[in-house]
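Subject: Structure handover

Hello,

Please find the structure for you to look through below. My notes on it come after.

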Amino acid sequence: MPQDSSHRTRASHTHRVVVIVDENSNPFELGCVTEVFGLRRPELGRELYDFTLCAPDPRTLMRDGFFTLTGVAGLEAADTADTLIVPNRPDTDVPRRPAVLDAVRRAHARGARLVGMCSGAFTLAEAGVLDGRRATAHWQWADSFRARFPSVDLRPDVLFVDDGDILTSAGSAAALDLGLHLVRRDHGAEVANSVSRRLVFAAHRDGGQRQFVERPVPDTPDESLAPVLAWAQERLGDPLTVADIATRAAVSSATLHRRFRVQLGTTPLAWLTGERIALACRLIERGEQRLDVVAQRSGLGTAANLRARLRRETGLSPSAYRRRFGPEPTLARR
């Protein structure tokens, strides 16, 4: 999850997110990005983003003629974006408008962050900004995407890909995963958790998780992982192991792995590590200065392990993470 100075939360201006809506765009992903980036957050006491919709035409017919979008900014708004979210459309074989592709290229050239949700990867690839880069798209379009854009390193079996200044997500709900990932990248774990609570959505699903699970609904209620996950989250600072979680769930370790794969699309160890890293981030954001204390309370063990895990997850050292997301320094009293 690389960081750079253009996305600082304490910048002189509010980070501007601009979404291009084009003919036949999907309303679901548009709703997701509006919910994540466009709503006011009075509970946080500050605005996270300056959010703008724009379109090439004054009237934009959305997917399958569901409704017509009017009253949004013109395409020139894309030239002011810090983050530009590109159109995603189900008609992936239809070429994107030259004006839209030019706007994407200009944004990329001046260093804006680019985001493609679902079939938005086709827009980015057609603009030529994904050549030699990692990306993902909805699994059903993997073959056609590879055939059209062989120079793109497509990862079709993950929720989203963060390649620094270009991010892409798989279909539908993965738009929320990527949106919350961007909030966490820009504003830290505490703010992302607050936004996820408003959404009533999981605060963090790692981008490397599978796009789909084998059986979304368990066959029987007693196979749900929810109780054991809640139990484990309350004990992250303990020397908790996957075997302990299996014992609590009254199943073998092999059965626990199977249920995690089926219900969450990940492994117990990956989930446990991700929860501990998220807790460590929250502790640093709340002002804990002592790395050994953060490591112990989050279950990461040592300060050295904390440093390695945090850098791998966020691209930042603990001190850099504290400067970026920790409490504002207070002026010393005279």
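What follows is a list of findings, grouped by topic. Please keep in mind that this is a predicted model.

Salt bridges

There are 20 salt bridges in the structure. One of them joins Arg 97 and Glu 23, whose closest N and O atoms are 3.9 Å apart. This pair links distant parts of the chain, 74 residues apart: Arg 97 sits in the loop between strand 6 (83-85) and helix 2 (98-109), and Glu 23 in the loop between strand 1 (16-20) and helix 1 (27-38). Arg 97 is partly exposed at 25% relative accessibility, and Glu 23 is partly exposed with a relative accessible area of 44%.

A salt bridge also connects Arg 113 and Asp 186, at 2.8 Å from N to O. Arg 113 belongs to strand 7 and Asp 186 to helix 5 (residues 174-187), so the pair ties together parts that are 73 residues apart in sequence. Arg 113 is buried, with a relative accessible area of 1%; Asp 186 is buried too, at 1% relative accessibility.

Asp 163 and Arg 134 form another salt bridge, at 3.2 Å from N to O. Here Asp 163 is in the loop between strand 10 (160-162) and strand 11 (166-169), while Arg 134 is in strand 8 (residues 134-135), 29 residues apart. Asp 163 is buried, with a relative accessible area of 18%, whereas Arg 134 is partly exposed, with 29%. Elsewhere, salt bridges with shared partners join Asp 22, Glu 23, Asp 57, Arg 89, Asp 91 and Arg 97 into one network.

Which charged residue is buried yet has no salt bridge? That is Glu 275, and the nearest side chain of opposite charge, Arg 282, is 5.7 Å away. A salt bridge needs the nitrogen and the oxygen within 4 Å. Glu 275 is in helix 10. Leaving out residues up to four places away in sequence, Glu 275 touches Gln 233 and Leu 236.

Aromatic pairs

The structure has seven aromatic pairs. One is formed by Phe 122 and Phe 149, edge-to-face, with 6.1 Å centre to centre and 70 degrees between the planes. Phe 122 is in helix 3 (residues 120-126) and Phe 149 in the loop between helix 4 (142-148) and strand 9 (153-154), 27 residues apart. Both residues, Phe 122 and Phe 149, are buried. The ring centres of Phe 260 and Trp 271 are 6.1 Å apart and their planes are at 65 degrees, so this pair is edge-to-face. Phe 260 lies in helix 9 (residues 253-263) and Trp 271 in helix 10 (residues 268-285). Both Phe 260 and Trp 271 are buried. Ring pairs also link Phe 122, Trp 141, Phe 145 and Phe 149 into a cluster.

Helix 7

Which residues of helix 7 (residues 226-233) are buried? They include Val 228, Leu 229, Trp 231 and Ala 232. These residues cover an arc of only 160 degrees around the axis, which puts them on the same side of helix 7. The buried residues of helix 7 pack against helix 8 (242-249), helix 9 and helix 10.

Cysteines and positive phi

There are zero disulfides. Cys 118 is buried, with a relative accessible area of 4%, and Cys 281 is buried, with 5%. Cys 118 is in the loop between strand 7 (113-117) and helix 3, and its phi is positive, near 55 degrees. Asp 64, which is not a glycine, has a positive phi of about 55 degrees. Asp 64 is in the loop between strand 3 (59-61) and strand 4 (68-70) and is exposed, with a relative accessible area of 56%.

Regards

Technical notes
Residues numbered from 1 in each chain as written. Predicted model: local features only at pLDDT ≥ 70, side-chain atom pairs only at ≥ 80, totals over all residues. Heavy atoms only, no water. Phe/Tyr/Trp six-rings, centres within 6.5 Å; stacked < 30°, edge-to-face > 60°. Helix = DSSP H or I, 4+ residues; strand = E, 2+ residues; numbered from the N terminus. Buried < 20%, exposed > 50% of the residue type's maximum accessible area, 1.4 Å probe, protein only. Disulfide = S-S within 2.5 Å. Arc of directions from axis to C-beta. Contact = heavy atoms within 4.5 Å. Lys, Arg positive; Asp, Glu negative; His and termini not counted.
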